[in-house]
Amino acid sequence: MTQITNEPDPSPTILIAPDAFKGTASADEAAQWLGEGIRSIIKDAEITLVPMADGGEGTSELFSGERITLPTTDAAGRLTEASYTFDASRSTAYIDISAASGLPAVADNPVPLTGDTYGTGVLVADAQTRGATRIVLGLGGSATVDGGTGILVALGAQPLDAAGYNLAPGGGDLKRLADFDTATLNIPAGSVDWLLLADALVPATGPRGAARVFGPQKGAGPDDVEALDQGLAHLCEVTGVDPATPGHGAAGAVAVGITWLSRLLHGTDEHVRVVPGARLVAEMHGVAELLARASLVVTGEGRYDEQSPEGKVVSTVLRLAGEAGTTAAVAAGTIGHDLPEGVIGVELEDLADTREQLRRAGAEIAVRYLRTSTIQG
């Protein structure tokens with residue numbers, strides 16, 4: 001990236017737009033703490049905080065509306081509570097799949113073969129009863145690889161085997177799928193418009209599919225991954241959904257089940273859209289416009305790795321920064337993948353205090369920015 005000024009701006013305009021550092025800091029906390037570190041070095045900086053999300057944990061909280069909390073089930077089928085945002089003025093519910101069906105709740109005992117999205121379907125059904133005609137579903141952070149069949153069950157579409165018996169929950173049993181029983185289908189809930197926010201634009205199956213890319217982090221061993229990939233391929237075959245569609249692999253291929261349901265009720269795929277979640281959030285916050293006036297943008301996430309360029313927050317912010325010609329920096333717990341040329345990369349120090357980790361990272365970014373600006377000038 002190029003630097004437009006010959007000397008560091010005496011009062012640089014700095015945009016801080018990180019994702020959440022999962023399990024340690026929300027996007028809002030990360031932005032604040034990185035900003036504290038930057039201001040400790042550049043005391044007169046004009047700093048704008050823009051907490052980001054890509055469809056994962058915390059996405060629904062970025063939208064305005066009433067926060068709704070209700071009992072539901074987690075990915076393992078245990079009773080829990082989950083929240084979503086309902087904007088009555090727009091008849092829209094903003095739901096994170098991670099709220100009910102997320103990985104943290106089952107991290108100590110993962111359920112890659114049997115985990116399902118039923119609990120998320122409960123939230124969808126509840127939102128429809130409140131007047132939602134549109135569901136914005138964030139697909140990041142799920143613990144499941146069930147092709148969205150748990151949501152289907154919650155909405156009254158039961159997967160069956162060839163003998164007419166119900167399949168077991170989760171993706172491990174999908175290879176036996178023969179049909180769906182829709183006798184008790186919740187037609188109003190299934191008929192909503194769906195906007196699915198993918199945190200990674202991966203296909204449902206194959207080498208870059210849901211099972212192979214994300215299965216291992218959900219607890220799937222090599223045999224599990226193979227079984228899940230075959231199950232999702234069979235689900236796509238039965239439903240007639242194209243497994244190669246970008247984004248259909250996000251959240252354990254939940255878009256496959258939703259696409260089938262919507263097509264069944266509407267006769268077309270026009271009521272389901274899969275979009276990069278980070279891009280939508282960036283547009284909502286006007287990040288491109290803010291970058292046009294910024295001297296530096298700072299983004300970050302817990303780990304920058306080979307999955308990061310698939311449409312996550314950091315890669316989205318870096319792409320927009322490149323288009324604007326704005327210097328960019330990334331703070332991450334670990335940086336395990338090459339950053340674009342010219343981007344400042346800072347790994348967090350090994351400290352118990354997350355706030356101090358991010359403050360120090362912000363300070364280091366500020367020092368390197370000032371040094372780089374002077375050298376490039």
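This is a short chat about the predicted model shown above.

Visitor: What are we looking at, and how many helices and strands does the chain have?
Guide: It's a predicted model, and the chain has twelve helices and 13 strands.

Visitor: What about overall dimensions along the principal axes?
Guide: The C-alpha trace spans about 75 × 45 × 35 Å along those axes. The radius of gyration is 21 Å, which agrees with the value near 21 Å for a compact globule with 377 residues.

Visitor: And how much of the chain is buried?
Guide: 54% of the 377 residues count as buried. The accessible surface comes to about 15200 Å², and 49% of that belongs to carbon and sulfur atoms.

Visitor: Take contacts between residues at least 6 apart in sequence: what share joins residues at least 24 apart?
Guide: That share is 71%.

Visitor: OK, sheets. What's the strand order in the open sheet of five?
Guide: The order is β2-β1-β11-β12-β13, with parallel pairing. β2 (46-49) and β13 (344-347) each have a single partner strand, so one side of each is left without a neighbour in the sheet. From one strand to the next, the twist averages 20°.

Visitor: How many bridges pair β11 with β12?
Guide: Eight bridges, in the parallel sense, between β11 (residues 296-304) and β12 (residues 327-335).

Visitor: Which strands does helix α11 touch?
Guide: Helix α11 (residues 313-324) packs on the sheet and touches β11 and β12. The direction of α11 makes about 155° with that of β11.

Visitor: Now the six-stranded sheet. What's the order there?
Guide: That open sheet goes β3-β4-β5-β6-β9-β10, and the pairing is mixed. β3 and β10 (272-276) are the edge strands, each with a single partner, so one side of each has no neighbour in the sheet. The twist averages 25° from one strand to the next.

Visitor: Does that mixed pairing show up around β5, and which neighbours run parallel or antiparallel to it?
Guide: β5 and β6 (residues 134-138) run parallel, joined by five bridges, while β4 and β5 run antiparallel with three bridges. On the β6 side, Y94 has V136 as its bridge partner.

Visitor: What's in the hairpin of β4 and β5?
Guide: Four residues sit between the two strands, and S91 takes a positive phi near 50°.

Visitor: Is β5 buried or exposed?
Guide: Buried: five of its five residues are, so β5 is largely enclosed by the rest of the structure. Both faces are covered, with T92, Y94 and D96 on one side and A93 and I95 on the other.

Visitor: Where does D87 sit, and what does it touch?
Guide: D87 is in strand β4 (residues 79-87). Leaving out residues up to four places away in sequence, D87 touches S64, G65, T92 and Y94. D87 is buried too, with a relative accessible area of 8%, and the cut-off for that is under 20%.

Visitor: Changing topic: how many aromatic pairs are there?
Guide: The count comes to two aromatic pairs. In one of them, the ring centres of F63 and Y94 are 4.1 Å apart with their planes at 5°, so that pair is stacked.

Visitor: Which parts does the F63 and Y94 pair tie together?
Guide: F63 lies in the loop between β2 and β3 (66-73) and Y94 in strand β5 (residues 92-96), so the pair ties together parts that are 31 residues apart in sequence. F63 is buried with a relative accessible area of 12%, and Y94 is buried with 8%.

Visitor: What about F180 and W260?
Guide: They form a stacked aromatic pair, 4.2 Å centre to centre with 25° between the planes. F180 is in strand β8 (residues 179-181) and W260 in helix α8 (residues 250-266), 80 residues apart. F180 and W260 are both buried.

Visitor: Last one: which strands does helix α9 lie across?
Guide: Helix α9 (residues 277-285) lies across β9 (193-198) and β10, running at about 80° to β10.

Key:
Residues numbered from 1 in each chain as written. Predicted model: local features only at pLDDT ≥ 70, side-chain atom pairs only at ≥ 80, totals over all residues. Heavy atoms only, no water. Pairing = 2+ DSSP bridges. Axes fitted to C-alpha atoms, helices over the stretch in contact; angles between N-to-C directions. Contact = heavy atoms within 4.5 Å. Phe/Tyr/Trp six-rings, centres within 6.5 Å; stacked < 30°, edge-to-face > 60°. Buried < 20%, exposed > 50% of the residue type's maximum accessible area, 1.4 Å probe, protein only. Rg over C-alpha atoms; globule rule 2.2 N^0.38 Å. Areas by Shrake-Rupley, 256 points an atom, 1.4 Å probe, with all protein chains shown as cover.
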